[in-house]
Amino acid sequence: MSFSRPFRVSGYNQILIMSISYSPLKVLPKNYISGASNFKRYHNVVVACTKKSHEDISLQSKVDFLLDRVKWDDKGLAVAIAQNVDTGAVLMQGFANREALSTTISSRKATFYSRSRSSLWTKGETSNNFINVFDVFLDCDRDSIIYLGKPDGPTCHTGSETCYYTPVDELLKNPEVEKNELALTTLYALESTINQRKAETSSSSNGKPSWTKRLLLDDKLLCSKIREEADELCRTLEQNEDEGRTASEMADVLYHAMVLLSLRGVKIEEVMQVLRQRFSKSGIEEKNSRKS
C-alpha cells in the first residue's frame with residue numbers, strides 16, 4: 001500500500017509528514033545464490049528490503065507516538081468529525097479508537113468505531129460514498145479529531161450531502177415540520193441564494209424584483225459589472241484606500257463572479273478544488289502548463 005503524496009496529521013504542536021509505502025521483506029530460496037553476481041544481487045535486494053522495513057518501523061513508531069498523545073475516554077474512544085476539505089461543511093460525526101485512527105492514516109478513508117456493533121467501519125464500505133481523507137487534525141485538548149477530506153457522494157444515509165440539515169430555529173417555530181436545509185457557510189449560502197434566483201427566472205411567477213435576476217437574464221450587463229468591480233478592487237490598491245473599502249469591493253467581485261458561475265453551471269466547490277490542487281505547484285509552472 002502506498003501514498004502518492006504526503007499525508008499530514010496535525011495537532012498538539014506537532015505535524016507528522018507521512019508518505020507510507022509498505023514492502024514486506026522478501027526471502028529468496030537457498031539455491032538462488034550461485035556465483036558472485038547472484039550473491040551481489042541477493043545482497044542488494046535484502047539490503048533494500050531491510051531499509052524499507054526499517055522505514056516502516058520508524059513510521060509505525062511515529063503513528064504509535066501520535067496515538068498515545070490522544071486523550072481517549074474510558075472506553076478508548078474520541079469524537080471524530082468528518083469535514084469537507086473544499087466547502088468546509090461538517091459532513092458527519094462519529095467515534096474513533098486507536099485502530100480506527102491508525103486505519104484512517106494508512107488507508108486515507110475516513111474510518112470510525114461503531115459502538116452499536118463494537119467494530120470498525122469505514123464510511124462508504126456499503127454505499128461506496130467514501131470520504132477520502134487529506135488531513136487529520138487533533139483539537140487543543142487532544143480529545144477530538146477532524147477528518148478533513150473529500151466525499152465521493154452523499155454522506156448521510158438519507159441521501160443528503162451532510163448529516164446536518166435540520167435548522168433549530170425552524171424546529172422552534174414549527175416542531176411538527178422538519179425542514180431540510182443544509183448548514184451552509186457564507187459563500188455557499190450566497191451560492192444557494194443565487195441558484196434559487198436562477199430557478200425563479202425560468203418559472204412562470206416573476207416574484208419580487210431582483211438584481212441577481214437581472215444579471216442572470218443579461219450576459220452583457222453581468223460581464224460589464226464583473227469588469228467594473230474588478231477595476232474598482234484594483235483601484236483600492238492603486239489609490240491606497242482603506243482596508244474596509246478593499247473588502248467591500250472584493251465582496252462585489254465575488255458576488256458578480258458567482259452569478260456567472262451559476263449561469264455556467266459551475267459550483268464554487270469546483271473552484272475551491274482547483275485552487276487546492278494548485279497548492280503544491282509553482283504558480284509560474286502551473287500557468288505555463290495551461291499554455292501548452
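## The loop at Ser-118

Ser-118 sits in the loop between β5 and β6, where strands are DSSP runs of E with at least two residues, helices are runs of H or I with at least four, and both are numbered from the N terminus. Its phi is near 55°, a positive value in a residue other than glycine. Most residues other than glycine have a negative phi.

This is a predicted model, in which local features need pLDDT of at least 70 and side-chain atom pairs count only at pLDDT 80 or more, while totals for chains, interfaces and linings use all residues. Residues are numbered from 1 along each chain as its sequence is written, and side-chain values use heavy atoms, leaving out hydrogens and water.

Ser-114 stands opposite Ser-119 in β6, and the hairpin has four residues between its strands.

## Another positive phi

Asn-128 isn't a glycine, yet has a positive phi of about 70°. Its relative accessibility is 51%, so Asn-128 counts as exposed (over 50%; buried is under 20%, partly exposed in between, with a 1.4 Å probe and protein chains only).

## Two nonpolar cores

A nonpolar core here is a set of buried Ala, Val, Leu, Ile, Met, Phe, Trp, Tyr and Cys residues joined through side-chain atoms within 4.5 Å. The largest one has 23 residues, and Trp-72, Leu-101, Phe-112, Ile-145 and Tyr-147 touch the most other members. Elements giving it two or more residues include α1 (36-69), β3 (78-84) and α2 (98-107). Apart from it lies another core, of 12 residues, with Ile-194 and Leu-216 among them.

Trp-72 has contacts (heavy atoms within 4.5 Å) with residues including Leu-67, Arg-98 and Ile-145, not counting residues up to four places away in sequence.

## Salt bridges

Count a side-chain nitrogen of Lys or Arg within 4 Å of a carboxyl oxygen of Asp or Glu as a salt bridge, and you get 11. One of them joins Asp-68 to Arg-98, with the closest N and O atoms 2.8 Å apart. That pair links distant parts of the chain, 30 residues apart: Asp-68 is in helix α1, Arg-98 in helix α2.

In helix α7 (residues 243-264), Glu-249 and Arg-245 are four residues apart, about one turn, and their side chains meet in a salt bridge at 3.1 Å, N to O. Glu-249 is buried at 3% relative accessibility, whereas Arg-245 is partly exposed at 38%. Finally, Asp-86, Lys-150, Glu-269 and Arg-276 are linked in a network of salt bridges.

Notes:
Two strands pair if DSSP finds at least two bridges between them.
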